[in-house]
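Me: Got a model open here and I'd like to talk it through. Can you walk me around it?

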Amino acid sequence: IRVVLCTPADRAKPGQREEETFFTMDPKVEGSTFWVDNRTIEFQPATALERGKEYQVTFELGKLVDLDGRDDLKQFVFPVEVIRQNIYVTCEEPQMNDAGEYQVSGTVSLNDREDLSDLQGCFSAQLTEPEKKTLDIEWEDASSDYSHNYSFIINGIGKSMKRDIALTLEWNGKNIDCETKDKIDIKIPFISGMKVTNLSVVNGE
């Protein structure tokens, strides 16, 4: 939680911990306060805030700024609501790799960052036709400071030489304190067959 002052603070020591208490939260949250620069002060909770919960933050502005007798401005109170976690999944069209086997790639986007190992536990991929088996999912963390994206590739699907292939990608966010639960069914027609997979109408034709 950051507060940016209009003017530099005399006591600011960028990069160092601030021993004075400037932030209090309701419900109570333990944490530490640091100076980011000579105008920006930051409160870092000792533990993660509860998702979906609202907190009231009180910032002791009067300890830092001369308010010229304005006692009503000594405490700056504002709410902070922690965003709920959610899972968004997109899948690309199945593609063949160099070995001639199909693979499915896609992207998982989250509202908040998670450890990749925890996210992996939310997903499973199953081949349902022509046989049933569990498929491997290869993961890569593609997150940045401004986005929480993770890319994946489903391997071991095989070749569709004689019959259709069907697989299901399922996810359940319980492992990361998320209520999202869903699945995507993917069909791959066999190579030597002919089947309509998409249809569009063009005016005049």
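Reply: The largest nonpolar core has 25 residues, and Ile87, Val108, Phe123, Ile154, Ile157 and Leu167 touch the most other members. A nonpolar core here is a set of buried Ala, Val, Leu, Ile, Met, Phe, Trp, Tyr and Cys residues joined through side-chain atoms within 4.5 Å. Buried means under 20% relative accessible area, exposed over 50%, partly exposed in between (1.4 Å probe, protein chains only).

Me: Which strands each supply at least two residues of this core?

Reply: Strands E8 (87-91), E10 (102-110), E11 (123-129), E12 (133-141), E13 (149-158), E14 (165-172) and E15 (181-188). Strands (E, at least two residues) and helices (H or I, at least four) are DSSP runs, numbered from the N terminus. Apart from that core lies another, of 20 residues, including Ala9, Tyr55, Leu67 and Val80.

Me: What kind of model is it, and how are residues numbered?

Reply: It's a predicted model: local features need pLDDT of at least 70, side-chain atom pairs count only at pLDDT 80 or more, and totals for chains, interfaces and linings use all residues. Residues are numbered from 1 along each chain as its sequence is written, and side-chain values use heavy atoms, with hydrogens and water left out.

Me: What is Leu167 in contact with?

Reply: Leaving aside neighbours within four places in sequence, Leu167's contacts (heavy atoms within 4.5 Å) include Val104, Leu135, Ile154, Ile157, Ile184 and Ile188.

Me: Switching to Thr180: buried or exposed?

Reply: Buried, at 17% relative accessible area. Thr180 is in the loop between E14 and E15. Its side chain makes a polar contact of 2.4 Å with the side chain of Asn86. A polar contact is a pair of N or O atoms within 3.5 Å; within protein, one must be able to donate a hydrogen and the other to accept it, and residues adjacent in sequence count only if both atoms are side-chain atoms.

Me: What order do the strands of the open sheet have?

Reply: E3-E6-E7, 3 strands with antiparallel pairing. Two strands pair if DSSP finds at least two bridges between them. E3 (23-26) and E7 (75-81) are the edge strands. E3 is joined to E6 (residues 54-60) by 4 bridges, and Asp26 has Gln56 in E6 as its bridge partner.

Me: And how many helices and strands in the chain?

Reply: 1 helix and 15 strands. The C-alpha trace spans about 85 × 45 × 30 Å along its principal axes.
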